[in-house]
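Let's take a friendly walk through a protein together. Keep the sequence and the 3D view open side by side as you read.

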Amino acid sequence: MGKIKGGQLSGVAGNLVFYNYNDTEYFRVVPGERSKKSWSERQLLNRKRFSALAAFWVQFRFTQIKLIWQAAAKGKAANSLFLSANSSAFGPDGALALVDPDRLHFSAGQLPQAHKLTANRLPSDPEKVEVTWQYDPKRGVAHSDDELLMMVSNDGKFLGPLKTGAIRKQESAVFQLPAITGTIQGVYLFFGSEKRKMYSGDIYFGI
């Protein structure tokens, strides 16, 4: 129902919506409900793909992942940045393309990633991972005490971020993989400084 307040029309009257913007009165036709049958196949796929992306983000909204992307977004929408960074990991039908896991990203930010970062299971103990990298103290905002963090890829599920106990100046570390059900296919490694609320981008390693 439309109404007049202070000599101005506002609200809905029939199939018209009246509103005021910058001291000017406008009206537009009320959009009609659109039947799903009228959507094209491409529109249906886009809707399905976006729903899958949004659901993927939701599972991290109460974790440190959300804080990482909030810091990277610099006051903008963290979820939009996350969805944009991960959109290529999802197929047209919304399926997560696990055959190409390096398209997924769980971290972003201003910290530089380590140079020549490598990660491999120890042949003598496959439940442990050996990581090596190079640290250049002159690389911008990188600090010697930046922590090495890890996300674990486990049969289409993702666990973390987990602290490895290593810091940037060490240039190498050996750490235990978490004891979880299923097979760990790989890890995403990145550096973070919780105190400074800064993180680097992540790199995936199939192990």
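**A walk through the fold**

Leaving aside neighbours within four places in sequence, Ala119 is in contact with Val129, Glu130, Val131, Leu189, Phe205 and Ile207, where contact means heavy atoms within 4.5 Å. You can find Ala119 in strand β5, which covers residues 115-122. Ala119 and Val129 are 10 residues apart along the chain, and their C-alpha atoms are separated by 6.5 Å. Is Ala119 buried or exposed? Ala119 has a relative accessible area of 5%, so it is buried. Here buried means under 20% relative accessible area, exposed means over 50%, and partly exposed is in between, with a 1.4 Å probe and protein chains only.

Before going on, a word about what you are looking at. This is a predicted model, in which local features need pLDDT of at least 70 and side-chain atom pairs count only at pLDDT 80 or more, while totals for chains, interfaces and linings use all residues. Residues are numbered from 1 along each chain as its sequence is written, and side-chain values use heavy atoms, with hydrogens and water left out.

Now step back to the whole protein. It has 3 helices and 12 strands; these are DSSP runs numbered from the N terminus, with helices being H or I of at least four residues and strands being E of at least two. Of the 207 residues in the protein, 34% are buried. Take the contacts between residues at least 6 apart in sequence: 56% of them join residues at least 24 apart. The protein exposes about 12700 Å², and carbon and sulfur atoms supply 53% of that; such areas come from the Shrake-Rupley method with a 1.4 Å probe, and for residues only the protein chains shown count as cover.

Let's visit the helices next. Phe50 is found in helix α1, residues 41-58. With a relative accessible area of 52%, Phe50 is exposed. Phe50 and Ser87 are 37 residues apart in sequence, yet 8.5 Å apart in space from C-alpha to C-alpha. In helix α2, residues 64-73, the buried residues include Gln64, Ile65, Ile68, Trp69, Ala72 and Ala73. An α-helix has 3.6 residues a turn, so residues three or four places apart point the same way.

Just after α2 comes Lys74, with a positive phi of about 55 degrees, although Lys74 is not a glycine. Most residues other than glycine have a negative phi, and most peptide bonds are trans. Lys74 sits in the loop between α2 and α3 (78-86), and it counts as exposed at 60% relative accessibility. Lys116 also has a positive phi of about 55 degrees without being a glycine. Lys116 belongs to strand β5, and its relative accessible area of 54% makes it exposed. Where does the chain have a cis peptide bond? The bond from Gly160 to Pro161 is cis, with omega near 5 degrees, and Pro161 is found in strand β8.

Next, look at two residues in loops. Gln113 lies in the loop between α3 and β5 and is buried, with a relative accessible area of 14%. A polar atom of the Gln113 side chain lies 3.2 Å from the backbone oxygen of Leu189, and one lies 2.8 Å from the backbone oxygen of Gly201. Each is a polar contact: a pair of N or O atoms within 3.5 Å where, within protein, one must be able to donate a hydrogen and the other to accept it, and residues adjacent in sequence count only if both atoms are side-chain atoms. Arg168 is in the loop between β8 (157-167) and β9 (172-176). It is a buried residue, with a relative accessible area of 3%. The side chain of Arg168 reaches the backbone oxygen of Pro112 at 3.0 Å. Beyond four places in sequence, Arg168 touches residues including Gln113, Trp133, Tyr135 and Phe191.

Finally, which residues line the largest cavity? Among them are Pro112, Gln113, His115, Trp133, Arg139 and Arg168. A cavity is a set of points on a 1 Å grid over the protein atoms alone where a 1.4 Å probe fits but cannot get out, and lining residues have an atom within 4 Å of a point. A search of the whole structure finds 1 cavity of 30 Å³ or more, and the largest cavity has a volume of about 50 Å³, volume being the space filled by probe spheres set on the points, which are joined across faces, edges and corners.

How values were computed. On a 1 Å grid over the protein atoms alone, a cavity is a set of points where a 1.4 Å probe fits but cannot get out, and a pocket is an open set with protein on both sides within 12 Å along at least five of seven lines; lining residues have an atom within 4 Å of a point.
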